[in-house]
Amino acid sequence: MSSDIASRVERKLDIRTKKKLDGAGQFWLVFRYFALTILFVIAALPIYIMVINSVKGITGVTQSAAFIPPTSLDFSAWGPTWEILREPMFRTLFFVVQSSIISAIIGAINGFVFAKWRFRGSTFVFTTFLFGMFIPYQAIMIPLTKFNQWAGIGNTIYVLVFAHVIYGIPICTLIFRNYYAAIPNELIEAARVDGAGMVRIFRTIFLPLSIPGFVVVLIWQFTSAWNDFLFAIFLTGGSPKLSVATTALNFITGSGNQVYYGNNMTASLIVSIPTLLVYLFLGRYFLRGLLSGSLKG
Amino acid sequence: MKVKKNRVHSPWGGFFFVLPSIIAMAVFVYGMIGFTLRESLQNRTNSYTEDVKYVGFINYVELWQDPEFTHALSNLLKFTAVFMIGCLLSGLIMSLLLEKGIKGEGFFRSTYLYPMAISFIAMGTSWRWLMDSARDADATGLNYLLQKVGLGALQSDWYTSEAGSMFAMSLPAIWQMSGYVMALFLAGFRGIPDDLREAARVDGASEFKISRHILFPQLSPTFLTVLIILGHISMKVFDLIFGIATKSYVTKVLAIYMWQVIFDFQNYAKGAAIAIVILLMIAVAVIPYLIYVNKTEEANK
């Protein structure tokens, strides 16, 4: 179902626009491009600012020239910024990869059950899961911190793996459920006739068909965990030896350093590069995640 | 015996598959909400409190009398109103511009959506600079740009003045989320069967009438979804504001205040009460919505 929604959005030019346009039609077409271009400029402005000012050196960002690209490239802000960010970035990569993979596996299992192997009360259980997607994490933060201390992971990076896996269960389950719902029931019936049980049906029929679903969920979890700031700042308590991409960046750009814009923009860009690359190359899966994570399209 | 069991749709197999997740949700979502609720009814107002006991709703009453809390709450409501209306309008405009298909659609769609892929702690740097409050000769960012295009009179304090702070703060939020709204509306528009429009067109209905009487009524489920998504994101808004203005008083919302109460003042009881207030504001909208979604799904089975 979800892939239906995504393919609808991705639908190419349809026949209606291909017929010859009269005067009014041409006017509207020009108007549409004009409006779309203005929106494009607005959407691109913040990242444009970030990119051009990151190549002007640490102090080279002057107020009047900030909107104008530099005449020569100066990467001197990159080296020192990367030095500070390297360790937090690798730490983030370390926990994000783990939490995304675990989340995707759990999501696939749950999604399969809620889509194809329902039990009595499964709709209710699924709804209670979904509520977990909407809760403000502030409402669980105090006990979660206590739990982490009690469980002995309080001062390790595993607090973040744990948090993203647990609180990622609702969205990953939802995405996989929508994904599996599109697989015809006849496949299951046929396998049943051959005497296959639930685990075998899941493993031999559903898992091999799941690669796009896994890509969607992995990208979703990767992006949201990489960009997460709330869990990071609450659960690592600002400890430098547990700093991750967003908290390290916040430390660099925080209130005391707001004048070093060249530096700050570079740091912000470096931290955004991994998720931007994922978006650039796998954007269509990102869109799918957004749409199938929204209950009804 | 065994063969027979396999043939019937074994009802409990699925249950055992999801049991670990059920336990996790029960403990870490519902149990921990219960724990926070309990904390909000107790007297642990600093980290030295030893004699922890129930004090009823005192913490909530005190919140209501705390001007900083009411200020944060009214900020949040202002932000929510501007953010939701702004996102709905811009998302709808984007989707209407793209809806019929246009060359380069994929390119425009991707640029409108990329802000969702970037952390707000990173984007906050750009936005803080864009919304710099210095004016005239000292101006940078948007104020500088406004002067250059002859709109110097529109220079603003942006998020630094009490009057306009939440309006200014919704700009980056709208910038980030309208692409998402666009995608949802596009999916909604394109889910409407083409023959419905064709039929109306054959009957001589104008494009405007088709939108008004056919497209928009069909969009109401999408509309509801968009409202719920924007609403709950808005109630929880944290890193977007933190990334631009940290704990500044004029832009303080409930999530920021809660963080401050916990980390700077170690007032766990009060922090828990604020968290429960945020939760309740979300729950009154989301629970009926989930019940509605549940019902329509049952009906479609």
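**Overall architecture**

Which elements does chain A run through from the N terminus on? The elements of chain A follow the order α-α-α-α-α-α-α-α-α-α-α-α, and its secondary structure comes to 12 helices and 0 strands. Helices (H or I, at least four residues) and strands (E, at least two) are DSSP runs, numbered from the N terminus. The model is a predicted one, in which local features need pLDDT of at least 70 and side-chain atom pairs count only at pLDDT 80 or more, while totals for chains, interfaces and linings use all residues. Residues are numbered from 1 along each chain as its sequence is written, and chains are lettered from A and ligands numbered from 1 in the order in which they are written.

Chain B contains 14 helices and 0 strands, and along its sequence the pattern reads α-α-α-α-α-α-α-α-α-α-α-α-α-α. The radius of gyration of chain B is 25 Å, well over the 19 Å that the globule rule gives for 301 residues, so chain B is more spread out than a compact globule. This radius is taken over C-alpha atoms, and the globule rule is 2.2 Å times the number of residues to the power 0.38. Along its principal axes, the C-alpha trace of chain B spans about 85 × 75 × 30 Å.

**Burial and contacts within each chain**

A residue is buried if 20 or more other C-beta atoms lie within 10 Å of its own, exposed if 12 or fewer, and partly exposed in between, with C-beta atoms placed from the backbone. Of the 297 residues of chain A, 48% count as buried; in chain B, buried residues make up 46% of the 301 residues.

Two residues are in contact if their C-beta atoms, placed from the backbone, lie within 7 Å. Among contacts between residues at least 6 apart in sequence, 78% in chain A join residues at least 24 apart. For chain B, the corresponding share is 66%.

**The interface between the chains**

The two chains meet through 82 residues of chain B, in contact with 81 residues of chain A. On the side of chain B that touches chain A, helix H2 (residues 13-40) of chain B gives the most, with 16 residues. That side of chain B divides into 53 nonpolar, 21 polar and 8 charged residues. Here Ala, Val, Leu, Ile, Met, Phe, Trp, Tyr, Cys and Pro count as nonpolar, Asp, Glu, Lys and Arg as charged, and the others, Gly among them, as polar.

One residue of chain A illustrates this meeting of chains. Leu36(A) lies in helix H2 (residues 23-54) of chain A, and it counts as buried because it has 21 C-beta neighbours inside 10 Å. Leaving aside residues up to four places away in sequence, Leu36(A) touches Leu97(B) and Phe108(B).

**Packing of helices**

Two packed helices are described by the angle between their axes and the distance between the axes. Axes are lines fitted to C-alpha atoms, for helices over the stretch in contact, and angles run from 0 to 180 degrees between N-to-C directions. Angles under 35 degrees count as roughly parallel, over 145 as roughly antiparallel, 65 to 115 as roughly perpendicular and the rest as oblique. In chain A, helix H9 (residues 211-227) and helix H12 (residues 261-292) pack at an angle of about 130°, with their axes 9 Å apart; H9(A) and H12(A) are therefore oblique to each other. Their contact includes Trp220(A) of H9(A) and Tyr285(A) of H12(A), and its residues divide into 11 nonpolar, 4 polar and 1 charged.

Also in chain A, the axes of helix H3 (residues 78-116) and helix H6 (residues 158-181) come within 6 Å and cross at roughly 40°, which makes H3(A) oblique to H6(A). The contact of H3(A) with H6(A) has 18 nonpolar, 9 polar and 2 charged residues. In chain B, helix H4 (residues 67-98) and helix H8 (residues 165-190) pack at an angle of about 40°, with their axes 6 Å apart, so H4(B) is oblique to H8(B). The contact of H4(B) with H8(B) divides into 19 nonpolar, 7 polar and 1 charged residues.

**Loop residues with positive phi**

Most residues other than glycine have a negative phi. Trp158(B), however, has a positive phi of about 50° although it is not a glycine. Trp158(B) is found in the loop between helix H7 (141-148) and H8 of chain B and is buried, with 23 other C-beta atoms within 10 Å.

Gln266(B) also has a positive phi, near 50°. Its place is in the loop between helix H13 (254-263) and helix H14 (268-300) of chain B. Gln266(B) is partly exposed, with 15 other C-beta atoms within 10 Å.
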